[in-house]
Amino acid sequence: MYSQEITRQHRTAFIIALDRSGSMQESVQFGKKKLSKAEAVAIIANALITELIDRCQRTDCLRNYYDVAVIGYANDSVEMLLGGDRMISIEEISKLNPKSKILSDEQQLSEYGSTIFQHTLNEWFAPHAEGNTPMYEALLKVRNLASEWCQKSENRESFPPVIINITDGEASDCDDNELRDICSQIKRIATDDGNVLLINIHISTDNTLPATIFPMPDELTGGGRYLKLLAECSSVMPSAFDNPIREIKGQGATPPFFGMGYNASIIELLSIVNIGSRSVTNMQ
């Protein structure tokens, strides 16, 4: 299980859901910066799409290893942000011609002194914060997209879809039990290689807990209501991922690991994608 190589004949899928509601105007400490939740969401989403395209780039061409959908939800509206009403290939995304902008300057120290690295990032999605949070409706869309993808004969043997929901956890169109239920429905969707992986990235103004990825149960102690709720909604990472997760968290880490991130930096969050499709190292 979770061992299928990702090839052009056996693609996998990424479905990314973005909370763009009014609460995303709030400021949050994200990595070493203080910025709005909306800015954090846009940075994460843009970095994820850029990373997926980079993985598919070869010297001779761009290879279609992934089908991708990005869903934005806010103000009683659920919108496909890459256009249309279906998942699209990496090649199609690459033709959308995003702007490039400077993201930040980062100082790194070494024995030879300090070096300033300038990071550029393709801007596929601008920060947006408006209205309420129809997360349930967005996850219904996610469920339907994932189910349709897995039911296609050409995808039955593929590595299962990775779903990444980036949110502060404050749904306005359902209660906690309804949110758990729709997430359970999503997590039951599967290919022959395993069940869908549902990963929640929680952006929170609460700095009580340190930033973390793939938290163990004891790392959630003392967290707020939405952190615990999103952990319950996330996939428990299968044992096939235990060793790669330990490499990130340290050898003292012991499963179970929740498929989620909490106020983590961009580099840490991209490692979630590396874990979520670890057979990417064997892409052909």
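Q: Where is the place of Tyr 2?
A: Tyr 2 sits in the segment before E1. The model is predicted: local features need pLDDT of at least 70, side-chain atom pairs count only at pLDDT 80 or more, and totals for chains, interfaces and linings use all residues. Residues are numbered from 1 along each chain as its sequence is written, and side-chain values use heavy atoms, with hydrogens and water left out.

Q: How do you know whether Tyr 2 is buried or exposed?
A: The relative accessible area of Tyr 2 is 8%. Buried means under 20%, exposed over 50% and partly exposed in between, with a 1.4 Å probe and protein chains only. Tyr 2 is therefore buried.

Q: Why is the phi of Tyr 2 worth a remark?
A: Most residues other than glycine have a negative phi, and most peptide bonds are trans. Tyr 2 is not a glycine, yet its phi is positive, about 55°.

Q: Is Asp 76 buried or exposed, and how do you know?
A: Asp 76 has a relative accessible area of 65%, so it counts as exposed. Asp 76 also has a positive phi, about 65°, although it is not a glycine. Its place is the loop between E4 and strand E5 (77–80).

Q: Which peptide bond is cis?
A: The bond from Pro 255 to Pro 256 is cis, with omega near 10°. Pro 256 lies in the loop between helix H6 (242–249) and strand E14 (260–262).

Q: How do you know whether Trp 124 is buried or exposed?
A: Trp 124 has a relative accessible area of 16%, so it is buried. Trp 124 is in the loop between strand E8 (113–123) and H3.

Q: What is Trp 124 in contact with, leaving aside its neighbours within four places in sequence?
A: Contact means heavy atoms within 4.5 Å. Under that rule Trp 124 is in contact with Asn 46, Ile 49, Thr 50, Ile 53, Ile 93, Ser 94, Leu 96 and Pro 98. Trp 124 and Ile 43 are 81 residues apart in sequence and 9.5 Å apart in space, C-alpha to C-alpha.

Q: Why are H3 and H4 called roughly parallel?
A: The axes of H3 and helix H4 (residues 176–188) cross at roughly 10° and come within 9 Å. Angles under 35 degrees count as roughly parallel, over 145 as roughly antiparallel, 65 to 115 as roughly perpendicular and the rest as oblique. H3 is therefore roughly parallel to H4. The axes are lines fitted to C-alpha atoms, for helices over the stretch in contact, and angles run from 0 to 180 degrees between N-to-C directions.

Q: Which residues in H3 and H4 meet?
A: In H3 they are Met 135, Tyr 136, Leu 139, Leu 140, Val 142 and Arg 143; in H4 they are Glu 178, Leu 179, Ile 182, Cys 183, Gln 185 and Ile 186. This contact has nine nonpolar, one polar and two charged residues. Ala, Val, Leu, Ile, Met, Phe, Trp, Tyr, Cys and Pro count as nonpolar, Asp, Glu, Lys and Arg as charged, and the others, Gly among them, as polar.

Q: What makes a space a cavity, and what makes it a pocket?
A: On a 1 Å grid over the protein atoms alone, a cavity is a set of points where a 1.4 Å probe fits but cannot get out, while a pocket is an open set with protein on both sides within 12 Å along at least five of seven lines. The whole structure has two cavities of 30 Å³ or more.

Q: Which residues line the largest cavity?
A: Lining residues have an atom within 4 Å of a point. For the largest cavity they are Leu 18, Asp 19, Arg 20, Ala 38, Val 41, Ala 42, Phe 125, Ala 126, Pro 127 and His 128. The largest share, three residues, comes from H1. By class the lining has seven nonpolar, one polar and two charged residues.

Q: What divides the lining of the second largest pocket by class?
A: This lining has four nonpolar, four polar and eight charged residues. H3 gives the most to it, with three residues.

Key:
Grid points are joined across faces, edges and corners, and a volume is the space filled by probe spheres set on the points. Helices (H or I, at least four residues) and strands (E, at least two) are DSSP runs, numbered from the N terminus.
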